[in-house]
Amino acid sequence: MEATEKIGLAESNIRQALADYGKHTTQTEVLDDVSDVFIKRLAKDNYYAKQELRELFRKSPVWNEELDALVINGTRTHEPDYFRIKGLARQILEDPIRNGTNEQYRNIQEAIPFFSIPDLTDEEKAKSIEAINALAPKAYAKGKKLSRVFRALCEALGVTPETCANFNYLYAQFADEITSRKIDFKLFVSLNPAHFITMSNPKMDERGCTLTSCHSFNSTEYTYNNGCVGYARDNYTFIVFTVLDPTNAETLNNRKNMRQIFCYKPGNGVLLQSRLYNDAGGTCREQAESKIYRDLVQREISALEEQPNLWQTFKYYGNGKISFYSGYGFGGYEDWTYGEFCAKVSIRDDHKDDFREFEIGTWGLCICCGVEISEGLYCDHCNGKVECDCCGEHYNEDELHYVFDEDGTEIRVCDNCSDQYYVYCEECESYHHRDDMIRVQNGNYVCSNCLERYYTYCDYCEEYVYRDSLVEVHCNDGYDEYVCENCAGYYYMECEHCGRMFHEDVMQDGLCPDCLKEAERTREEDEEKVKEKIA
């Protein structure tokens, strides 16, 4: 299928999924906002991002091109073939059968039915266990998996990957066969973007809210639903799910009853299985179904890559061996990182010493304009939010304040930027950038414009004061200057004769130097006149 045809098919799938998603809920406001721009970009991005995985999955006989998914069902699985199990056991143990002692030979013949005959009588089973214990005293334990008992038996007889060139290949077939089961359900292993955005059922479904979560696509209650698109656009994530009624195509999009996110990089041999969600929502601890789904996926991938189906599986949380990381901009719920959710990581035997971590998730898309976003379903612009002109973050319009920046331009800023960078001018009653503010004599701050209009500088105390409050004083050098009322009252005195203000150091008997001289001259003249009258 050509790229344009495949992308067009994905677009149709997304549109159908959105229509199905909204059929049984009245909460459709979000779905109504989904634009053609969003659908086209998601379909195209998914096509190119998942190419490597898609080429791998296409090799499978159960690949469905229309669904963009593997559909594993009863025709793909079967109950154990015990005749084949017997043949594989004899093939693996061929060397000790041929070259061992007579006693060893007899014990092997008695041991093999324990694995290859499911309906042994109690007496026959006891006889087989006795033979196993004679060959490998530590191999058998009540409740131990048959494949592990057989592996321990092989090791005790010296049959290992080091001594048998095709051991891993044969043992993987033996283990697969002895643990196989015919499933009575359909398991969808999907790369389809439509299945990602509907990974959790819609909120407020009239049929009952089952398997809803923070990824439900018709809700803005949580920002994590951004992850639906983030998973659909990354390289290595696929969604595994079952549905209520596989015969009804609608339920693929609006009535899943189990889903998990799996992550795999083709050829890398490392598989991540995240938290299991079922009808009750997200689960905690190990779930029996998880083992079944993981086993089916492991078998499929191993077959497609033509490798023995031998995997070491352990808890992801705190394993100390491997740790995945989220792609930049991913806004989904990283449930694999929590211990109580029991995510599992599996390493296939052919990569046990050379595994590589990889990114999970990437940016989502705004459902209106299609730009990349990391939270929710709407970009800030489409969500009606306004950008803070200082820090660039987005807020509701009523959360922003008008201020004046360093250049005197009026802008809008958030609370944090306002508190950090702006100061209130008591004169014009506006906020200005702190670099444009000056503290005046009364302790208040004023902007440079108000400073220029209403204040002047007192050279004596070196502070800015109201221009109307300045007092003219006479300097000793013969010039007049202006000082504030405080400085005038503290350092200057009013001449009782001329009324001008002079520094207290030059005042004598309440007179300035000039008036003092004039007073002395007048007194001398008066004294001379008195003398003339007496004479």
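## Cysteines, rings and cores

Student: How does Cys 368 count in terms of accessibility, and why?

Tutor: Cys 368 counts as partly exposed, because its relative accessibility is 24%. Buried means under 20% relative accessible area, exposed is over 50%, and partly exposed lies in between, with a 1.4 Å probe and protein chains only.

Student: What sort of model is this?

Tutor: This is a predicted model: local features need pLDDT of at least 70, side-chain atom pairs count only at pLDDT 80 or more, and totals for chains, interfaces and linings use all residues. Residues are numbered from 1 along each chain as its sequence is written, and side-chain values use heavy atoms, leaving out hydrogens and water.

Student: How many disulfides turn up?

Tutor: Zero, searching the whole structure. A disulfide here is a pair of cysteine sulfur atoms within 2.5 Å. For Cys 366, the nearest cysteine sulfur belongs to Cys 369, 3.7 Å away. For Cys 368, the nearest is that of Cys 382, at 4.6 Å.

Student: And Cys 366, buried or exposed?

Tutor: Buried, because its relative accessibility is 0%.

Student: New topic: rings. How many aromatic pairs?

Tutor: First the rule. Rings of Phe, Tyr and Trp (its six-membered ring) pair if their centres lie within 6.5 Å; planes under 30 degrees apart are stacked, over 60 edge-to-face, and the rest tilted. By this rule there are 28 aromatic pairs.

Student: What about Phe 57 and Trp 63?

Tutor: Their ring centres are 6.4 Å apart and the planes meet at 50°, so that pair is tilted. Phe 57 and Trp 63 are both buried.

Student: And Tyr 333 with Phe 341?

Tutor: Edge-to-face, because the planes are at 65°, with centres 6.3 Å apart. Tyr 333 is buried at 17% relative accessible area. Phe 341 is buried at 7%.

Student: Which residues form the aromatic cluster?

Tutor: Phe 114, Phe 115, Tyr 140, Phe 150, Phe 167, Tyr 171 and Phe 174. Tyr 171 also has the charged end of Arg 151 over its ring, 4.9 Å from the centre. The test is NZ of Lys or CZ of Arg within 6 Å of the ring centre and within 35 degrees of the ring normal.

Student: Which ring does Lys 256 sit over?

Tutor: That of Phe 241, with the charged end 4.8 Å from the ring centre.

Student: Cores next. How many residues has the largest nonpolar core?

Tutor: It has 50 residues. A nonpolar core is a set of buried Ala, Val, Leu, Ile, Met, Phe, Trp, Tyr and Cys residues joined through side-chain atoms within 4.5 Å. Phe 38, Phe 217, Phe 324 and Trp 336 have the most contacts inside it. Helix H1 (residues 3-21) gives the most to this core, six residues. Helices (H or I, at least four residues) and strands (E, at least two) are DSSP runs numbered from the N terminus.

Student: What does Phe 217 touch?

Tutor: Not counting residues up to four places away in sequence, its partners include Leu 18, Phe 38, Cys 228 and Leu 377. Contact means heavy atoms within 4.5 Å.

Student: What does the second core include?

Tutor: That separate core has 33 residues, among them Ile 92, Val 149, Cys 164 and Ala 172.

Student: Where does Asn 107 lie?

Tutor: In helix H7 (residues 102-111). Asn 107 is buried, because its relative accessibility is 16%. Leu 135 is 28 residues away in sequence, yet 7.0 Å away in space, C-alpha to C-alpha.
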